[in-house]
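Here are some notes to read alongside the structure. Keep the 3D view open and go through the points one at a time.

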Amino acid sequence: MHSYSSYRRLAAVLPIALFASGCSRTEARPNDAPDAPSNEMAAARARVALDSASRHREPNEMGRVPILEYHLIGATEGRWEREHTRFRRDLELLYARGYRPITVAELVDKRIDLPRGLSPVVFTFDDASPSQFRYIERNGELVIDSTSAVGIWLEFHRTHPDWENKATFCMLSGAEAGRAFFGDRNIEGQKTAWRHAKLRFLAERGFELCNHTLWHAQLSKYEDAVVQEQIARLALAVDSAVPGYRVRTLALPLGAWPANRTLAAKGAWTDPRSQRTITYDHAAVLLVAGGPVPSPFDPAFDALRLERVQIVGNSLERTLDWLEKPGRRYVSDGDARTVASPRVLAATVGADGRAPSAP
Ligand SMILES: [Zn+2]
């Protein structure tokens, strides 16, 4: 494993003067109505300031992209839990620093269609706990808990319309403790009957549904047939909720590869009850740790082995600071048909295939 210091050394040889000078004018937006709610006024002001910063960010579509990894979203902060107001602050921080979300599938398909000067960030949520998507029954109607990840995301999208509904949910369908399509059997008040509606809701709004196996089996411990059953049964469960949905991404439970690694990407299992054969063919496989991944246009990009940044404490801030160093951060040129790459960087980035494991 490469050390962080080797990246510091690499960075030292990267060119520094990448930022072209340009105009620093800021413009008032016509829709800054005086009677708009104050949070929307603040958001509008932030957008104006951001537009100015984005104009100065040199496009670099050979730069790196952070894939963030979240587990529980809850009342306290911990190793596997993000306190919910802190999660909201993560969205604000990324927005203010010029990041916009894309899904894993869009990353591996090289579908990064962002305005000039903005950068992609990928959100992944593991384990499908109720804390990510919780319904509350209110006067006979189901409403999304505003403190769950989906509730916080949708509210942020409402006030920041260019923050789209693009995140990747790596789900279990049959694990214990409510880790089954965001809750079952009244765990945290979630009813089994709500599970399919939650998946349909996510798929209809543009979120990506991702495979994290049936019940989080550590795939390194099982023979080939069990590995394929674990993966295929999640795919089958997704198909029951959203008929025809094609799952593109697998997140390895605990980051453990099956002995036969190719089975993470491709395999088949026949349901003994129906005799129906379920096949899967993933475009992306996610690991559990690491740093920002190379650009999908970089030959070092490996869609079937994507590292992720675990969000613990200040790891997001540290990662974003690390990406600010010249040449590291993917910055869009605003034209999805071309790949912008500062000439000197193109030769340097890609020679190095690894991100820091602990930025
Ligand atoms: Zn997991």
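This is a predicted model: local features need pLDDT of at least 70, side-chain atom pairs count only at pLDDT 80 or more; totals for chains, interfaces and linings use all residues.

1. A word you will need first: a residue is called buried when its relative accessible area is under 20%, and exposed when it is over 50%. With that in hand, look at helix 7. Its buried residues are Val227, Gln228, Gln230, Ile231, Ala232, Leu234, Ala235, Leu236, Ala237, Val238 and Ala241.

2. Still on helix 7, try its length. The helix has 18 residues, and the distance from its first C-alpha to its last is 26 Å.

3. The chain contains 10 helices and 14 strands. It has 359 residues, 52% of which count as buried. Take the contacts between residues at least 6 apart in sequence: 70% of them join residues at least 24 apart.

4. Which protein atoms hold the zinc ion as donors? They come from Asp127 (OD), His212 (NE2) and His216 (NE2), at 2.1 to 2.2 Å from the zinc ion. Written along the chain, the donors have the spacing D-x84-H-x3-H.

5. Setting aside neighbours within four places in sequence, it is in contact with His71, Cys170, Leu172, Arg179, His212 and His216. The C-alpha atoms of aspartate 127 and histidine 71 are 6.7 Å apart, although 56 residues separate the two along the chain.

6. Cys170 turned up in that contact list, and it has a partner. The search of the whole structure finds 1 disulfide, and it joins cysteine 170 to cysteine 210 with an S to S distance of 2.2 Å. The pair links distant parts of the chain, 40 residues apart: cysteine 170 is in strand 8 (residues 168–171) and cysteine 210 is in strand 9 (residues 208–211). The torsion about the S-S bond is about 95°, so the disulfide is right-handed. Why does cysteine 170 count as buried? Because its relative accessible area is 0%, under the 20% cut-off. Cysteine 210 is also buried, with a relative accessible area of 0%.

7. Next, a pair of helices. Two packed helices are described by the angle between their axes and the distance between the axes. For helix 3 (residues 84–96) and helix 5 (residues 149–159), the axes come within 10 Å and cross at roughly 35°. The crossing is right-handed. On the helix 3 side the contact is made by His84, Phe87, Arg88, Leu91, Glu92 and Tyr95, and on the helix 5 side by Ala149, Ile152, Trp153, Glu155 and Phe156.

8. Have a look at glutamate 83 as well, in strand 3 (residues 81–83). Its relative accessible area is 18%, so glutamate 83 is buried. Not counting residues up to four places away in sequence, glutamate 83 touches Gly74, Ala75, Thr76 and Glu77. The C-alpha atoms of glutamate 83 and isoleucine 73 are 5.8 Å apart, with the two lying 10 residues apart along the chain.

9. Finally, check two backbone angles. Alanine 128 has a phi near 55°, a positive value in a residue other than glycine, and asparagine 139 has a phi near 50°, again positive and not in a glycine. Alanine 128 is in the loop between strand 5 and strand 6, and asparagine 139 is in the loop between strand 6 and strand 7 (141–144). Is each one buried or exposed? Alanine 128 is buried, at 0% relative accessibility, whereas asparagine 139 is exposed, at 79%.

Technical notes
Residues are numbered from 1 along each chain as its sequence is written. Side-chain values use heavy atoms; hydrogens and water are left out. A disulfide is a pair of cysteine sulfur atoms within 2.5 Å. Helices (H or I, at least four residues) and strands (E, at least two) are DSSP runs, numbered from the N terminus. Buried means under 20% relative accessible area, exposed over 50%, partly exposed in between (1.4 Å probe, protein chains only). Donors are N, O and S atoms within 2.8 Å of the metal (3.2 Å for Na, K and Ca); water is not among the atoms, so sites may look incomplete. The expected span of a helix is 1.5 Å times one less than its number of residues. Axes are lines fitted to C-alpha atoms, for helices over the stretch in contact, and angles run from 0 to 180 degrees between N-to-C directions. A crossing is left-handed if the near helix is turned anticlockwise from the far one by less than a right angle, and right-handed if clockwise. Contact means heavy atoms within 4.5 Å.
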